[in-house]
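I opened my notebook today to look a few things up in a protein model. Here is what I wrote down as I went along.

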Amino acid sequence: MLFQDSNHLYSVCVKMYFRAWNTAIGDMGYALSRLEIDPDFSDSESSPVGDDNDTPRPSSENDLEHEVAQLTKLRSAPHKRLKQVHPRRPEFPVSPVKMLAGREGNYSGRGRFTAADRCHLLNKYLPVKGPSIVDQLTTRAYVSQFSDDGSLFVAAFQGSHIKIYNAEKGWKLQKNVHAKSLRWTITDTSLSPDKRFLVYATMSPIVNIVNIGSAATESHANITEIHEALEFSGDDEGGYSFGIFSVKFSNDGRELVAGSSDDSIYVYDVEANRLSLRIQAHTSDVNSVCFADEASHLIYSGSDDNLCKVWDRRCFRSKGKPAGILMGHLEGITFLDSRGDGRYFISNGKDQTIKLWDIRKMSSNATRSPGFRNYEWDYRWMDYPLRARDVKHPSDQSVSTYKGHSVLRTLIRCYFSPEYSTGQKYIYTGSHDSCVYVYDLVSGAQVARLVHHKSTVRDCSWHPQYPMLVSSSFDGDIAKWDFPAPGNGDNPLPVNNRRPRRRHFD
């Protein structure tokens with residue numbers, strides 16, 4: 001069951017903690033939570049979730065010293081007076097019981113939690129319990145995405161199926177889309193902001209759009225329902241064929257941006273039903289594109305030429321070049337995710353790293369630095385060379401780097417955790433080693449490793465409001481991870497003053 005509002009979730013937290021009230025009164029603190037994730041991995045215990053005792057150390061050099069670190073802390077730190085509920089000393093992190101007591105006592109003077117208070121409370125409950133299986137097919141799962149409000153969930157498979165589930169109604173199958181003109185696989189999907197339309201891309205210059213608001217559950221292309229073809233190749237291409245790796249709706253739902261195998265970025269006007277812009281953006285495949293913020297003026301792109309680029313549509317036609325270039329990856333880029341503020345974004349790279357970028361550090365030209373790669377390697381079938389793992393780009397402009405996961409065989413995706421429930425405190429990613437990894441954005445520490453799948457996890461999606469994460473894998477499983485809620489047979493840990501042991505969840 002999804003919680004409809006934050007007050008409901010707060011009440012659940014109260015129930016969880018007061019079940020342990022009779023065990024001990026003295027310290028109603030952090031140790032009560034069964035899902036505590038200890039950021040200190042220096043001891044010999046295993047990771048919070050999983051069975052790997054060799055937990056990678058964070059690759060970012062200690063805590064991130066950058067403006068984004070302070071912004072993240074502000075989004076997830078409680079009000080200063082809530083830290084002083086204890087009469088003797090300020091406390092951080094503040095336990096949920098003490099935060100609730102502070103709210104009821106109006107310690108902040110507002111009589112309610114702020115967004116930062118809410119994030120501080122919910123950050124204690126990472127979605128690491130489980131998983132339960134939402135669905136299982138005999139073909140590879142490539143895409144998993146929640147709608148912006150979390151009510152719908154989209155899963156796309158190599159065998160032409162795109163399934164849309166109603167997450168608010170017991171994960172009932174709402175629409176089963178049978179894709180048209182499939183070439184190899186569904187490479188990407190995107191829901192319109194109003195949840196009326198779904199677009200899907202494949203290895204062709206055509207993106208299909210489907211009305212998912214119709215009553216019929218089965219949607220067979222141009223048999224039971226119309227799947228309108230949006231032609232991205234343009235009239236002057238002479239039938240030239242290419243594939244589309246990435247497609248995204250703009251925030252207002254009026255445009256689509258796409259990245260393609262012909263090294264280009266395309267912008268499509270959905271209302272006018274025409275291609276409005278093509279940018280010959282890179283010197284290799286454009287694997288990922290996204291709008292930087294709600295205004296949709298800025299576009300980020302990542303390519304197999306190892307570069308991230310920033311494009312300002314307001315001045316592109318006059319300048320004909322990117323607003324800036326960001327260097328740092330040693331290999332091609334598989335995915336980008338924007339923080340939504342027009343300033344920061346992250347990228348997943350075939351050099352086995354995630355990088356955090358501040359576009360204010362971008363340069364006008366790419367500096368070619370020959371010599372840092374002296375080996376032959378193809379991520380589609382080879383392991384990453386051991387000698388390359390510690391190599392650094394001589395002109396790295398990234399803010400921070402995160403290592404531990406594996407980016408092989410396919411375009412594996414990474415994301416910021418939701419702003420509403422976590423303040424975007426975490427970064428999470430799929431991995432070729434069949435796991436989902438969660439990193440602390442500021443410290444770089446690996447705070448969770450979700451183990452279930454038997455093959456590559458290409459995509460995963462964190463519910464925008466609730467501690468729930470869904471992963472999709474080449475083993476065909478769509479797996480749902482939650483936090484242990486009251487009534488499911490999980491009891492909170494007894495109160496004690498010792499450091500809580502990290503737990504395995506099968």
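I started with Cys119, which is buried because its relative accessible area is 2%, under the 20% cut-off. This is a predicted model, so I kept that in mind throughout.

Next I looked at Cys308, which is in no disulfide. The nearest cysteine sulfur belongs to Cys290 and is 9.5 Å away, whereas a disulfide needs the two sulfur atoms within 2.5 Å. Cys308 is also buried, with a relative accessible area of 0%.

**How confident is the model?**

I looked up the pLDDT and found an average of 82 for the protein, with 78% of the residues scoring at least 70. Over residues 12-62 the pLDDT is below 50, and this stretch has 131 contacts in the model beyond near neighbours in sequence. Residues 489-506 also have a pLDDT below 50, with 55 such contacts. I made myself a reminder: where pLDDT is low, the predicted coordinates should not be read in detail.

**Aromatic rings**

How many aromatic pairs does the count come to? I wrote down 21.

I picked out Phe242 and Tyr266, whose ring centres are 5.1 Å apart. Their planes are at 5°, so I noted the pair as stacked. Phe242 sits in the loop between β10 (227-231) and β11 (244-249), and Tyr266 is in strand β13 (residues 264-269).

Then I turned to Tyr466 and Phe483, a tilted pair with 5.9 Å from centre to centre and 55° between the planes. Tyr466 lies in the loop between β27 (457-462) and β28 (469-473), while Phe483 lies in the segment after β29 (477-482), 17 residues apart. Are these two buried or exposed? Tyr466 counts as buried at 6% relative accessibility, and Phe483 is buried at 3%.

I also found a cluster in which ring pairs link Phe335, Tyr415, Tyr426, Tyr428 and Trp462. Another ring, that of Tyr420, has the charged end of Arg118 sitting over it, 3.7 Å from the ring centre.

My last stop was helix α3 (residues 96-104). Which of its residues are buried? I listed Pro96, Val97, Lys98, Met99, Leu100 and Gly102. After α3 comes Asn106, and its phi is positive, near 55°.

Notes
Residues numbered from 1 in each chain as written. Predicted model: local features only at pLDDT ≥ 70, side-chain atom pairs only at ≥ 80, totals over all residues. Heavy atoms only, no water. Buried < 20%, exposed > 50% of the residue type's maximum accessible area, 1.4 Å probe, protein only. Helix = DSSP H or I, 4+ residues; strand = E, 2+ residues; numbered from the N terminus. pLDDT = per-residue confidence, 0-100. Contact = heavy atoms within 4.5 Å. Phe/Tyr/Trp six-rings, centres within 6.5 Å; stacked < 30°, edge-to-face > 60°. Lys NZ or Arg CZ within 6 Å of the ring centre and 35° of its normal.
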